[in-house]
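I opened this structure for the first time today and kept notes as I went. The entries below follow the order in which I looked things up.

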Amino acid sequence: MSLAEIDRRLARDCWYEHSVVREPARPPLKGRVDCDVAVVGGGIAGLSAALELRRHGLGVRLLEAGRFGGGASGRNGGQALHGLACDLSVIERQVGHEDARRVFAMTLEALDLMRTRIVRHRIDCDWRDGCLAVATSARKAQTLWRAADDLASRYGHAQQRISRADLSHWLDSPRYHGAVHDPVCGHLHPLKYTLGLARAAEDAGAVLHEDCAVTRLQQGSAVTLQTAAGQVRARHVLLAGNVHLGSLAPSIASRVMPVGTYIATTERLGPVLARSLIPNGTAVSDTDVVLDYFRLSADDRLLFGGRVSYSTRTPARLSQLMRRRIAQVFPQLAGVRVEHCWGGFVDITMNRAPDFGRLPAPSGALGTRSAVYYLQGFSGHGIALAGMAGRLVAEAISGDAGRFDVFSRLRHRPFPGGRWLRTPALVLGMGWYRLKDLLG
């Protein structure tokens, strides 16, 4: 079964889809058209780029193979966080401390950008402030607090340290030994937000297409994209298709791996029980390598993510597994029904740093002014950053590539093992990290 087919099956029981009423699909492209920039992918990164490119006065066509937000952008845990999936030391080692500070500042700007867009474009997406990082052992709590102190001293961003004795005021769970709280972060309904971005981009003048898979990309003096019933010729192209780009960009495909992530929602708990679990309604995630993350929905459900698959195989009896993990965190929910359970694929890189850049120009195309940009490798940390990435690539296409190129300087290696062995190698490697988590 192909990755796309697995992904469609995983999406069937997505609570986010059940909780919205979608507009009719935008029609697929037909015939031949020209534009300044063609965007491939209708998630947060692609739609954000389309919106920003229109602000720069450029003509935009966006091509989405399925429906907007149908991939990771509309199916994730809904936590909007600063920083990256990797530690900032990974960035420092490659570009130095000052540029690492610039990267971190851009991740804070990403959160401001989300809030601004929600207000400016009247996107009703259940936004709530605050996130809580929690530790599953006393040793991990000490590590968490040291990391918070380092972020404050070296990057100028303070967080609130919470002891185990005080944690009960924030979270009614016996599992955790300490936490840090950050009011700058937050959580939201990611599909509502993504669909709101689509409306905003369209209102700004971008032309959007759904059910419109790109089957071929050809670089030259311009870039040509072929679909089943049409063709786009553009000065520039942005690839923002996560792990679903297929063979469009083989030179960068080996630098990301699809990782399955899974989320469950309980039945509606009612306001009293829901507020007793997380009194201030903040989003929560632990610091384990194979982590749990959870939050309350606007209608008083617990949304809980806590399983991953590095082999693209969905875990057996997923709903039962998620129920057990929920009860480990909240024993008082042991008898509560899991009403929805779904998954999807995120694109991870070897070092968990985002991979932004340009495809190399084809042989014999020296001097061409066209370029193919790409945004990939958000590694499960992309709700806020993907929106900022759209802004950065729009800046670069419009002539100011300074901030984009801080990211494009990051080096990324392909996953070892080639096409057939890289997945088994990753499964073995993550098995070791799971063991380390269990041993504390």
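**Notebook: loops, core and overall form**

I began with Asp 211, which I found in the loop between β7 (207-209) and β8 (214-219); helices (H or I, at least four residues) and strands (E, at least two) are DSSP runs, numbered from the N terminus. I note that this is a predicted model, in which local features need pLDDT of at least 70 and side-chain atom pairs count only at pLDDT 80 or more, while totals for chains, interfaces and linings use all residues. Residues are numbered from 1 along each chain as its sequence is written, and side-chain values use heavy atoms, with hydrogens and water left out.

I looked up the backbone of Asp 211 and read a phi near 50°, a positive value in a residue other than glycine. Most residues other than glycine have a negative phi. Asp 211 is partly exposed, with a relative accessible area of 45%; buried means under 20% relative accessible area, exposed over 50%, and partly exposed in between (1.4 Å probe, protein chains only).

I then turned to Ser 379, which also is not a glycine and has a positive phi of about 60°. Ser 379 sits in the loop between β17 (371-376) and α12, and at 12% relative accessibility it counts as buried.

Next I asked which residues touch the most other members of the largest nonpolar core. They are Leu 53, Ile 91, Tyr 193 and Leu 375, in a core of 78 residues; such a core is a set of buried Ala, Val, Leu, Ile, Met, Phe, Trp, Tyr and Cys residues joined through side-chain atoms within 4.5 Å. Helix α12 (residues 383-397) gives the largest share of this core, eleven residues. Apart from it lies another core, of 32 residues, among them Val 134 and Val 338.

I followed helix α12 to Gly 390, which lies in it and counts as buried at 0% relative accessibility. Leaving aside neighbours within four places in sequence, I found Gly 390 in contact (heavy atoms within 4.5 Å) with Ala 45, Ser 48, Ala 49, Glu 52 and Leu 375. Gly 390 and Ala 240 are 150 residues apart in sequence, yet 9.2 Å apart in space, C-alpha to C-alpha.

Last, I looked at the whole chain, which has 14 helices and 17 strands. Buried residues make up 56% of its 440 residues, and the C-alpha atoms fill a box of roughly 65 × 45 × 45 Å, taken along the principal axes.
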